[in-house]
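User: I have a model open and would like to learn how to read it. Could you walk me through its features?

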Amino acid sequence: MAGAISDFSNQKDVDKIWEAIKAQVSGLKYGSVNITVHDGKITQVETSTKLRFSN
C-alpha cells in the first residue's frame with residue numbers, strides 16, 4: 001500500500017489520504033471501504049454502510 005501513495009510529492013497529501021481512510025474505517029460498524037487507484041495513486045475512497053438488526 002505504501003507504494004501506491006509514495007508518488008505524492010507532498011507529505012501533507014499523504015497524511016490527508018491516510019487520515020481520510022482512517023476516518024472512514026473508524027466510522028463503520030458494518031460495511032466496507034473501497035480505495036480506487038489510478039496510475040499507482042489513490043484517487044478515491046468510498047464507504048458502504050450496512051445496517052444490521054438482531055432477531
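User: Where in the chain is confidence lowest, and where is it highest?

Analyst: Start with pLDDT, the predictor's confidence in each residue, from 0 to 100. Where pLDDT is low, the predicted coordinates should not be read in detail. Here confidence is lowest in helix 1 (residues 2–5), with a mean of 50, and highest in strand 1 (residues 31–38), at 92. The chain as a whole averages 83, and 84% of the residues score at least 70. This is a predicted model, so local features need pLDDT of at least 70 and side-chain atom pairs count only at pLDDT 80 or more, while totals for chains, interfaces and linings use all residues. Residues are numbered from 1 along each chain as its sequence is written, and side-chain values use heavy atoms, leaving out hydrogens and water.

User: Thanks! Which elements does the chain contain, and in what order do they run?

Analyst: Helices (H or I, at least four residues) and strands (E, at least two) are DSSP runs, numbered from the N terminus. This chain has two helices and two strands, in the order α-α-β-β from the N terminus.

User: Which residues of helix 2 are buried, and which are exposed?

Analyst: Buried means under 20% relative accessible area, exposed over 50%, and partly exposed in between (1.4 Å probe, protein chains only). V14, I17 and I21 are buried in helix 2. Seen down the helix axis, the buried residues fall within an arc of 65 degrees, so they line one face of helix 2; the arc is that of the directions from the helix axis to the C-beta atoms. Q11, K12, K16 and S26 are exposed on the other side of helix 2. For the whole chain of 55 residues, 11% count as buried.

User: How many salt bridges are there, and which side chains meet?

Analyst: A salt bridge is a side-chain nitrogen of Lys or Arg within 4 Å of a carboxyl oxygen of Asp or Glu. The count by this rule is one: the side chains of K22 and E19 meet at 3.1 Å, N to O.
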